[in-house]
Amino acid sequence: MRRRVLPGFGISLGYALTYLGLIVLLPLAALAWKATDIGFEGLVRLLSAPRTLAALRLSVGGALVSALINVVIGLLVSWVLVRYRFPGRRLFDALVDLPFALPTAVAGIALTTLYAPKGWLGRWLEPLGIHVAYTPLGVLVAMIFVGFPFVVRTLQPVLASLERDVEEAAESLGAQRWQTFFRVILPLLAPTLLTGFALALARAVGEYGSVIFIAGNMPRKSEIAPLLIVQKLEQFNYAGAAALGVALLSLSFVLLVLVAVLQRWSNRWTEQAA
Amino acid sequence: MNAHARTRAIAWPRRLVHVALIALALVFLVMFLVLPLATVFVEAFDQGVKPYLAAIVQPEALSAIRLTLLVAVIAVPLNLVFGVAAAWAMTRFAFRGKALLGAIIDLPFSVSPVVSGLVYVLLFGAQGWFGPWLDQHGIKIIFAVPGLVLATMFVTLPFVARELIPLMQAQGSEEEEAARVLGASAWQMFFRVTLPNIRWALLYGVLLCNARAMGEFGAVSVVSGHIRGLTTTMPLEVEMRYNEYDYVGAFAVASLLALLALLTLAVKTLLEWRYGDEIPRTRPVDTRKRHGT
């Protein structure tokens with residue numbers, strides 16, 4: 001019925017599919033195709049090289065830890081922004097999106113300057129023995145920065161629409177405030193927190209621009225997987241770069257599927273509890 | 001009265017917790033967001049205003065600014081047309097594989113920027129699929145402007161579509177159907193009904209798309225070849241100057257990008273305040289919900 005009234009189905013879908021095919025699918029097919037060039041043995045050799053393993057571990061491990069930290073900080077920040085009124089609240093709310101808007105290279109050099117031994121933050125941390133710039137800790141800081149808005153922005157609308165009556169019920173039944181938070185509010189937020197976690201994770205796994213400046217890029221210590229891809233490319237090792245790219249993509253998809261499964265499970269649990 | 005008295009009785013310890021939580025959140029926001037932003041400008045003006053201005057009017061900086069604008073002027077409108085077409089098809093018609101299409105549109109967001117550039121090197125680079133053919137015909141894509149545009153298009157492809165799909169889904173097609181029944185042509189319907197309904201969300205998407213297009217680093221860095229004055233966009237110029245220990249120069253160009261980011265945030269916030277209900281709380285919200293699967 002609709003199809004007859006509204007025009008443009010063929011042309012809009014056709015255009016969208018052609019565009020997607022040319023810009024996204026064909027290039028990704030080339031990636032998969034080129035990756036097979038190194039063969040199974042080559043793949044095993046590439047992936048079992050200590051340097052590759054270390055880089056993948058740093059990219060994936062760092063992304064997991066940074067997403068976890070972002071869940072905690074994001075919960076705090078979105079809670080404060082949604083529930084409390086204080087001067088400058090709207091300004092800070094707008095500022096949350098800065099990591100989206102600020103080019104990664106700019107964020108990278110700014111964070112490096114900030115955490116360098118003589119930087120505003122580095123000069124306080126160095127005497128305590130905390131070295132951030134040019135260490136894996138720096139990688140983590142950059143990953144937290146780029147992933148930060150995801151958790152806050154996913155959580156905010158859900159927090160704002162959370163019915164207060166559940167909390168009031170818990171409290172009228174004698175629950176302490178912290179009990180209400182951990183046993184009533186947090187379980188309700190779990191699926192949303194997982195969504196934010198997944199988004200921050202996906203962003204951090206492949207992050208490049210903000211990380212390479214602060215990382216110091218020492219092989220097997222603070223070298224991330226995307227940088228290894230760039231290096232292979234600079235040595236004209238296209239197949240190696242492609243294989244590593246496929247490995248990185250596959251790893252992040254496996255992680256995202258795991259999070260989705262976890263989410264479905266937590267959703268069901270929340271629904272049953274409700 | 002009773003309830004009021006009760007709130008006041010429990011108010012003070014709770015008030016203390018509120019203040020502590022707000023303070024903690026602000027400490028984090030200042031440390032992680034305000035300080036990096038401030039660093040950019042402080043470092044840029046480290047030697048004063050003159051060296052700052054001198055760093056910006058250098059020919060390489062000016063050509064980087066021109067190239068950044070050129071890339072955005074090509075990539076953003078192309079993704080705008082794609083976004084409108086994709087959103088129209090996905091929200092106004094029923095067809096099989098819609099969920100898959102939505103997932104593919106979001107795909108560039110979960111691909112590492114480096115890989116987004118790499119895929120075009122594999123297609124058009126010297127050893128790529130079309131490399132030899134392009135070489136014979138004297139066409140340069142990689143280490144040239146077309147490569148920069150393609151990589152930018154890949155990275156920024158989802159932005160406009162993502163804003164429009166949830167909005168057009170929520171708006172429904174009744175107004176457009178009415179226009180058609182009353183005899184409007186397809187283009188009349190589009191320009192007089194559809195476009196006015198989606199204009200703010202469209203602007204919002206274009207804004208985010210443009211910010212990313214002008215600031216993209218990883219993807220363009222792979223296809224650029226870093227040829228000064230020819231294939232270096234502003235973020236790449238920042239990188240090259242920084243690696244040459246020209247900190248004032250690097251932060252001077254970076255400050256322009258930071259200003260662009262601040263401008264983007266300001267317009268974005270303004271749009272949210274004024275036209276909030278015409279912009280689905282965009283953000284990186286759960287995609288599964290947005291595509292209605």
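Helices here are DSSP runs of H or I with at least four residues, strands are runs of E with at least two, and both are numbered from the N terminus. Please keep in mind that this is a predicted model, in which local features need pLDDT of at least 70, side-chain atom pairs count only at pLDDT 80 or more, and totals for chains, interfaces and linings use all residues. Residues are numbered from 1 along each chain as its sequence is written, chains are lettered from A in the order in which they are written, and side-chain values use heavy atoms, without hydrogens and water.

**Stop 1: chain A**

You will find 14 helices and zero strands. The C-alpha trace of chain A spans about 70 × 65 × 35 Å along its principal axes. Of its 274 residues, 57% count as buried (under 20% relative accessible area; exposed is over 50%, partly exposed in between, with a 1.4 Å probe and protein chains only).

**Stop 2: where the chains meet**

How many residues of chain B are in contact with chain A? There are 92, and they touch 89 residues of chain A; contact means heavy atoms within 4.5 Å. The area buried between the two chains is about 8,200 Å², and carbon and sulfur atoms give 79% of it. Buried area is the accessible area (1.4 Å probe) that two parts lose on being put together, summed over both.

**Stop 3: a bridge across the interface**

Select B:Lys268 and A:Asp97. They form a salt bridge, with the closest N and O atoms 2.4 Å apart. The rule asks for a side-chain nitrogen of Lys or Arg within 4 Å of a carboxyl oxygen of Asp or Glu, and it finds one such bridge across this interface.

**Stop 4: stay on A:Asp97**

A:Arg153 lies in helix α9 (residues 136-161) and A:Asp97 in the loop between α5 (89-95) and α6 (98-101), so the pair ties together parts that are 56 residues apart in sequence. Both A:Arg153 and A:Asp97 are buried. Then select A:Asp93 and B:Glu272 too: with A:Asp97, A:Arg153 and B:Lys268 they are linked in a network of salt bridges.

**Stop 5: two more pairs**

Move to A:Arg177 and A:Glu167, a salt bridge of 3.5 Å between the closest N and O atoms. A:Arg177 is in helix α11 (residues 177-205) and A:Glu167 in helix α10 (residues 164-172). Which of them is buried, and which is partly exposed? A:Arg177 is partly exposed at 30% relative accessible area, while A:Glu167 is buried at 5%.

Finish in chain B with B:Arg212 and B:Glu216, which meet in a salt bridge (2.9 Å, N to O). Here B:Arg212 is buried at 18%, and B:Glu216 is buried at 5%.
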